[in-house]
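Please keep the sequence and the structure in view while reading.

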Amino acid sequence: MALIKTNKLSKSFSSGGVQQHVLKNLDMEIHEGDFTVIMGPSGAGKSTFLRALNMLDPPTSGTIEFEGKNLTGKGVDLNEVRRKMGMVFQSFNLFSHMSVLDNLCVGQTKLLGISRSEAEKVAHELLKAVGLQEKADAYPDELSGGQKQRVAIARCLSMKPDIMLFDEPTSALDPTMVGEVTAVIKRLAQNGMTMAIVTHEMEFAKNVSTRIIYMDEGGIYEEGTPKDIFEAAKREKTRVFIEQTKSFSYNAKAEDFDFIALVNNLANFCQAHALTKSNTNKAQLLTEELTMNLIALNDLIEINLSFPDNQSEFTMVVEYGGANQNVVESDDMAADIVKGIAKEILYEFDEKNKLTIKW
């Protein structure tokens, strides 16, 4: 029997007199031990679907069964359901006035009815499991984003849920903190925890999940094993989405060029695709030298980085305005750095300068 089962699940709302359909007749099952990844473009209904499962965002029609009970029926104790269906959000939702230890104990004592001493014992074990035992007496504002999210995961686990739901748990984190959270989730998967997660961390999804659901326009467009989806997707939108996740694009104009945002976005991309430290450094160094030292940002600049599945070759294409100018032909030290990284450099000019760098 499925742990969770939805039947013709639909969600709509009215906006300006127009009915907007977020979920459309969605049928899905999650079985015990599954690690289901839900992915797809923005607006596909992924987060709404996850929130509907524990009735935080009740559906307009259709049914949700959890452990054989119809959650959309009458007389259901939703507090009990949500205790068994732990949820970790993009924001950490910790009690700021409570210590980390108190955050993990309050639910256990008030909802599970266990003693404070037993709750503390469980809390310390869970903090040790997520690598934060030394932070028991700290307060949330003393923690990094990654640490807060690990505490949030530990707090959910303290309620002994039957399934964990994660709504883009790394999206609000600095790129350097993503790995510490995905590592905790990976360990839960290895220990057999049933989980469903909305995420854009594609390499993580590919390597850890047991099942991928690709959503588009409020429904399940395609589903299968990670191998099915990442290596042999049958439908066009899925293939396009997967291919797009292997390429990074950034467009900017001189007047609003934000180098820090560019670097952060690029770092996020490299981390999501498990690029080696060496290739990440090369991508960041090329980006820095080209945009900050070589190209006069007096017009639109476009940066595209792509690579094949086996990451055997990387290609960065930079298009920029201005006069016909191959910037890496200069004697500048920045040009020497670019040429030192590249195995091949191609230059074209057709209304715009186009520099293709391969390494």
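The points below move from the whole chain to its sheets, its helices and a few single residues.

The structure is a predicted model. The chain contains twelve helices and 15 strands, and its C-alpha trace spans about 75 × 50 × 40 Å along the principal axes. Of the 359 residues in the chain, 49% are buried. Among contacts between residues at least 6 apart in sequence, 64% join residues at least 24 apart.

**The open sheet**

- Four strands make up an open sheet, and their order across it is S2-S1-S4-S5. The pairing in this sheet is antiparallel.
- The edges of the sheet are strand S2, residues 18-30, and strand S5, residues 69-70. Each of these edge strands pairs on one side only.
- Strand S1 covers residues 4-15 and strand S4 covers residues 61-66. Five bridges join S1 and S4 in the antiparallel sense.
- Lys5 has Glu65 of S4 as its bridge partner.

- Strand S3 consists of residues 35-39, and five of its five residues are buried, so the strand is largely enclosed by the rest of the structure.
- S3 pairs with strand S8, residues 195-198, in the parallel sense over four bridges. In this pairing, Ile38 stands opposite Val198 of S8.
- S3 also pairs with strand S9, residues 211-216, again in the parallel sense and over four bridges. Here the bridge partner of Ile38 is Ile213 in S9.

**Helix H10 against helix H11**

- Helix H10 comprises residues 259-272 and helix H11 comprises residues 277-294. Their axes come within 10 Å and cross at roughly 160°.
- How are H10 and H11 oriented to each other, roughly parallel or roughly antiparallel? Angles over 145 degrees count as roughly antiparallel, and H10 and H11 are therefore roughly antiparallel to each other.
- H10 passes H11 in a right-handed crossing. On the H10 side, the contact is made by Phe259, Leu262, Val263, Leu266, Ala267 and Cys270. On the H11 side, the contact is made by Thr280, Ala283, Gln284, Thr287, Glu288, Thr291 and Met292.
- By class, this contact of H10 with H11 has eight nonpolar, four polar and one charged residues.

**Helix H11 against helix H12**

- Helix H12 spans residues 333-341. The axes of H11 and H12 come within 9 Å and cross at roughly 150°.
- H11 and H12 are therefore roughly antiparallel to each other. The crossing of H11 past H12 is left-handed.
- The residues of H11 that take part are Lys282, Leu285, Leu286, Glu289, Leu290, Asn293 and Leu294. They meet Ala334, Ala335, Ile337, Val338 and Ile341 in H12.
- The residues in this contact of H11 with H12 divide into nine nonpolar, one polar and two charged.

**Ile242 in helix H9**

- Ile242 belongs to helix H9, which covers residues 236-244.
- Is Ile242 buried or exposed? A relative accessible area under 20% counts as buried. The value for Ile242 is 3%, so this residue is buried.
- Leaving aside residues up to four places away in sequence, Ile242 touches Met39, Ile229 and Phe230.
- Ile242 and Phe230 are twelve residues apart in sequence, and their C-alpha atoms are 6.7 Å apart in space.

**Loop residues with positive phi**

- Glu67 lies in the loop between S4 and S5. Its phi is near 50°, a positive value in a residue other than glycine.
- Glu67 is partly exposed, with a relative accessible area of 28%.
- Where does Lys160 lie? Lys160 is in the loop between helix H5, residues 145-158, and strand S7, residues 163-167.
- The phi of Lys160 is near 55°, which is likewise a positive value in a residue other than glycine.

Conventions: Residues are numbered from 1 along each chain as its sequence is written. This is a predicted model: local features need pLDDT of at least 70, side-chain atom pairs count only at pLDDT 80 or more; totals for chains, interfaces and linings use all residues. Side-chain values use heavy atoms; hydrogens and water are left out. Two strands pair if DSSP finds at least two bridges between them. Helices (H or I, at least four residues) and strands (E, at least two) are DSSP runs, numbered from the N terminus. Axes are lines fitted to C-alpha atoms, for helices over the stretch in contact, and angles run from 0 to 180 degrees between N-to-C directions. Angles under 35 degrees count as roughly parallel, over 145 as roughly antiparallel, 65 to 115 as roughly perpendicular and the rest as oblique. A crossing is left-handed if the near helix is turned anticlockwise from the far one by less than a right angle, and right-handed if clockwise. Contact means heavy atoms within 4.5 Å. Ala, Val, Leu, Ile, Met, Phe, Trp, Tyr, Cys and Pro count as nonpolar, Asp, Glu, Lys and Arg as charged, and the others, Gly among them, as polar. Buried means under 20% relative accessible area, exposed over 50%, partly exposed in between (1.4 Å probe, protein chains only).
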